[in-house]
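Okay, thanks for making time, everyone. I'd like to talk about pockets today, so let me put the structure up.

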Amino acid sequence: MDKVLSVSGLKKYYEVKRSAFSYKKEIVRAVDGVDLSLERGQTLGIVGESGSGKSTLVRCIMLLEKPDVGDIVFSGVNFTKTNDNQLKRLRKDIQIIFQDPYSSLNPRLRIYDAIAEPVLFHNIAHDGDDARQRVTEILGSVGISEDFFQKYPHEMSGGQRQRVAIGRALATNPLLIVADEPVSSLDVSIQAQIINLFMDIKERTKISMLFISHDLNVVRFVSDEIMVMYKGRVVEQGKTDNIFYQPMHPYTQMLIDSIKGGFSSRAGDDNHAPTGCAYYPRCERRTSVCAEIAPELKDYDSGHMVACHAVHG
Ligand SMILES: Nc1ncnc2c1ncn2[C@@H]1O[C@H](COP(=O)(O)OP(=O)(O)OP(=O)(O)O)[C@@H](O)[C@H]1O
Ligand SMILES: [Mg+2]
């Protein structure tokens, strides 16, 4: 299989003031040593609670943020050594979809023009007729009928706007789509429609996807694999069914329990010494070793990876 993306040892730390009234600084380890690899047509779901580093990870992958260390190789190009030509291609080959479609749609562009713009900019159509056909095709494929072509984003519902944003991402024939919480701002019934649209894209095209959500119930339907992040680190990764039906890490188990209605994590002081496991303060299964040594992400069973001392015994 073709490898589209491979990330290794990625770290991004921020120095932040503790409070508005203090000069004391602290380091936030937004992404703390993440590896991932993605094949053509594969969708990786990234889950984790707010602040776990999901957006920072993909912002680094899209070069919107410069990582402190780590390598990102996209379609054979190492990002740490890119030139401007490669960057332009990159802008075409990776597309992002945000939670709020307003951030990817120009409010002054009609829907038709919002799709025509990237088609023309990246020379995807040969002539005017070809461009028109392509725009019509793309909007049709995301479920937007011709009645909407001349409307502005504010004249549409949130779900329709997100469809247009997805169409705009598809317009450049990308290799990779990064969707950062693409359904979180939508009503549950509309969420299901948009998730179906992503599943449809997955079936129709060979586009790879990184699909971020804090909600495991959202990523499970679109993802081949799921990566669970906690405080900048990957605590568990594996095939979607394995993560869902055989979660091994206490944090993943807590996430699964919480969507099934139960809740088991203990509250804890999150600001403990950074040497041990980041989940230590909240963990049900912690032992003394967990306070001192950060567990490595290791194979538990044929590609199902877990970072937990209790699991690896
Ligand atoms: N530009 C920045 N400056 C300082 N700290 C930042 C910056 N960007 C992110 N952080 C911090 O890095 C950590 C990870 O943030 P990030 O936005 O990547 O999390 P997330 O998993 O996407 O969360 P959410 O689900 O809320 O979107 C957080 O503690 C956040 O406050
Ligand atoms: Mg985020």
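So, where does the lining of the largest pocket come from? Three strands, β2 (25-39), β9 (225-230) and β10 (233-239), each put in at least two residues. The top contributor is β2, with 11 residues in that lining. And keep in mind that what you're looking at is a predicted model.

How much space are we talking about? The largest pocket holds about 1,000 Å³. Its lining runs to 41 residues, and if you want to find the middle on your screen, look for D32, Y230, K231, R233 and A278, which lie nearest the centre.

What sort of residues are they? Sorted by class, you get 17 nonpolar, 13 polar and 11 charged in the lining of the largest pocket. Both domains get a share too: domain 1 (3-33 + 40-231) and domain 2 (246-313) each give at least three residues to that lining.

Okay, on to the second largest pocket. That one comes in at about 390 Å³. Here 16 residues make up the lining, and R91, I94, Q95, I96 and R168 are the ones nearest the centre.

Which elements build it? Helices α2 (84-93), α3 (111-121) and α5 (158-170), plus strand β6 (94-97), each supply at least two lining residues.

Note on methods
Residues are numbered from 1 along each chain as its sequence is written. Chains are lettered from A and ligands numbered from 1 in the order in which they are written. This is a predicted model: local features need pLDDT of at least 70, side-chain atom pairs count only at pLDDT 80 or more; totals for chains, interfaces and linings use all residues. Side-chain values use heavy atoms; hydrogens and water are left out. On a 1 Å grid over the protein atoms alone, a cavity is a set of points where a 1.4 Å probe fits but cannot get out, and a pocket is an open set with protein on both sides within 12 Å along at least five of seven lines; lining residues have an atom within 4 Å of a point. Grid points are joined across faces, edges and corners, and a volume is the space filled by probe spheres set on the points. Helices (H or I, at least four residues) and strands (E, at least two) are DSSP runs, numbered from the N terminus. Ala, Val, Leu, Ile, Met, Phe, Trp, Tyr, Cys and Pro count as nonpolar, Asp, Glu, Lys and Arg as charged, and the others, Gly among them, as polar. Domain bounds come from an automatic or database domain assignment.
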